[in-house]
Amino acid sequence: LDVSSFSRSHARSRKRVRSSRRSRSSSPSVVNRLENESSSHLMELEKVENQCKTLRDQYNVSQMRTKRLESDREAQKDQTRKQPPATPSSSKPRAIIAIPQKEEVMIDMDLD
């Protein structure tokens, strides 16, 4: 084995390949660390599930509100269609004309 090739393969500047996070030891400290990581992952999972449930509830409420508003709009549209059109004679616009030095007089006239 060439000395230069050995020093190159074991140089300190060589980047190490990080192994998987799986522990190979069953020492009490490793077991405790893994239990703590597991419990923290479970707590995070529970928090995310609660957020998901809250968002799902909000979505369902918004869907129900949208459906209700659409049905209200359709009901108003139907009601508007069923109403007879307003006759021009029954809804004459009136104008108030101010005459100087006299009382105000109500005059009926078409403003069309």
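Salt bridges are where I would like to begin: taking a side-chain nitrogen of Lys or Arg within 4 Å of a carboxyl oxygen of Asp or Glu as the criterion, the count comes to five salt bridges. Please keep in mind that this is a predicted model, in which local features need pLDDT of at least 70, side-chain atom pairs count only at pLDDT 80 or more, and totals for chains, interfaces and linings use all residues. Residues are numbered from 1 along each chain as its sequence is written, and side-chain values use heavy atoms, with hydrogens and water left out.

Let me set out the chain before going back to those pairs. The protein chain holds two helices and two strands, where a helix is a DSSP run of H or I with at least four residues and a strand a run of E with at least two, numbered from the N terminus. In sequence order the pattern is α-α-β-β.

As for burial, I call a residue buried when its relative accessible area is under 20%, exposed when it is over 50%, and partly exposed in between, using a 1.4 Å probe and protein chains only. On that scale, buried residues account for 2% of the 112 residues in the protein chain.

Now to the individual pairs, starting with glutamate 74. Its side chain meets that of arginine 73 in a salt bridge at 3.4 Å, N to O, and it also meets the side chain of lysine 77, here at 3.9 Å, N to O. Lysine 77 and glutamate 74 both belong to helix H2, which covers residues 28-82, and they lie three residues apart, about one turn of the helix. In terms of accessibility, arginine 73 is partly exposed at 46%, glutamate 74 is partly exposed at 33%, and lysine 77 is partly exposed at 34%.

Further along, aspartate 78 forms a salt bridge with arginine 81, with 3.5 Å between the closest N and O atoms. This pair, too, lies in helix H2 with a spacing of three residues, about one turn of the helix. What is the relative accessible area of arginine 81? Arginine 81 comes out at 60%, and therefore counts as exposed, whereas aspartate 78, at 34%, is partly exposed. Finally, where salt bridges share partners, Arg73, Glu74 and Lys77 are joined into one network.
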